[in-house]
Amino acid sequence: MIDYHLHSHFSGDSVEDIEAYIERAQELGIQSIAITDHLDPFPDKTRDLFLFNKEDYFKELEEIQSRHPNFDLRIGAELGMIPSLVEENRKEMARYPFEFIIGSVHSVDYQDIGSGEFFPGRSLEEAYRLYYEAMLDCVRLYDFFHVLGHIDYMDRYVSYISKDTKPLDDTRFKDLITAILKEIIRTDRGIEYNTGGYRKSLGHGHPKAWILEKYYALGGRILTLGSDAHLVKDLGSNFDQALEEIKKAGFKEIFSYKDGNFKGESIL
Ligand SMILES: [Zn+2]
Ligand SMILES: [Zn+2]
């Protein structure tokens with residue numbers, strides 16, 4: 001088993017030690033993990049909470065890899081994608097030997113979703129539509145990420161609108177979401193199943209069942225699994241439930257990524 005979405009002290013919203021993740025993974029029998037710390041460049045350079053020093057990052061992670069030669073540790077990143085910054089990001093990411101890149105949409109129109117600043121003055125319908133439109137743009141532009149992160153991530157944060165606001169039924173954006181999935185499949189990339197949704201009490205991981213089923217029906221097979229843990233205790237969280245959901249949607253394998261290739265591992 002793998003956990004391919006983890007945040008350490010290099011992320012602005014985590015303080016965790018990387019070797020503690022390795023220890024926890026070994027306790028749980030998880031053979032491979034990817035540290036995927038946040039990189040969310042904004043045109044406004046004052047917003048640097050979700051950036052890290054890449055020299056320090058590679059130095060620390062490569063040292064840890066050499067201390068644990070028998071453990072499969074991927075040096076990754078979760079890139080927060082913004083359409084206008086694609087060329088800058090492409091150049092910057094290519095300067096470093098990232099081994100696994102999750103492409104995520106965390107903001108739309110330079111407004112952060114996870115802090116709630118994106119919601120004021122917008123209907124839920126508009127917020128979702130703009131989010132999925134931005135995701136389609138990013139999937140087309142950013143051809144250098146490996147898996148698309150937490151597709152229905154918006155669901156986590158609608159409570160910013162009011163505490164009783166429930167996620168919108170996103171089947172109404174089926175055409176947009178289908179276009180996103182088709183582009184991922186056409187370009188031989190994958191999506192992740194992200195168990196952070198369970199911890200946000202959504203009752204499912206990301207993406208939810210119909211999107212996962214749609215991806216499978218369109219021919220999508222490349223699926224990674226990640227907890228999106230910001231705390232060591234959350235590594236591997238809800239993986240039993242997640243695997244049930246994944247199998248129910250038809251998948252027979254979970255994929256790892258090494259040296260430029262996805263490799264399936266049976267989950268049956
Ligand atoms: Zn994310
Ligand atoms: Zn994350």
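Author: Gladly! A helix here is a DSSP run of H or I with at least four residues, and helices are numbered from the N terminus. By that count, K214 lies in helix 7, which spans residues 209-217. Please keep in mind that this is a predicted model.

K214 has 18 C-beta neighbours inside 10 Å, so it counts as partly exposed. Beyond its neighbours within four places in sequence, K214 is in contact with T178 and L181. Those partners take us to helix 5, which covers residues 174-186.

Helix 5 has a partner of its own. Its axis comes within 9 Å of the axis of helix 4 (residues 124-141), and the two cross at roughly 15°. Because an angle under 35 degrees counts as roughly parallel, helix 4 and helix 5 are described as roughly parallel to each other. Their crossing is left-handed. On the helix 4 side the contact is made by Y132, E133, M135, L136, V139 and R140, and they meet L176, I177, A179, I180, E183 and I184 of helix 5.

The largest nonpolar core has 69 residues, and I33, Y131 and L223 have the most contacts inside it. Helix 4 gives this core its largest share, seven residues. In soluble globular proteins, nonpolar side chains tend to be buried together. Taking I33 as an example, its contacts beyond four places in sequence are I2, D3, L6, Y21, I22, A25 and L73.

Now back to the ends of our helices, where the backbone deserves a look. Most residues other than glycine have a negative phi, and most peptide bonds are trans. D188 sits in the loop between helix 5 and strand 8 (190-194), and its phi is positive, about 55°, although D188 is not a glycine. With 9 other C-beta atoms within 10 Å, D188 is exposed. In the loop between helix 6 (196-199) and helix 7 you will find P207, and the peptide bond leading from H206 to P207 is cis, with omega near 0°.

Definitions and conventions
Residues numbered from 1 in each chain as written. Chains lettered and ligands numbered in written order. Predicted model: local features only at pLDDT ≥ 70, side-chain atom pairs only at ≥ 80, totals over all residues. Axes fitted to C-alpha atoms, helices over the stretch in contact; angles between N-to-C directions. Parallel < 35°, antiparallel > 145°, perpendicular 65-115°, else oblique. Left-handed = near helix turned anticlockwise from the far one by under 90°. Contact = placed C-beta atoms within 7 Å. Core = buried A, V, L, I, M, F, W, Y, C linked by C-beta atoms within 7 Å. Buried ≥ 20, exposed ≤ 12 C-beta atoms within 10 Å, placed from the backbone.
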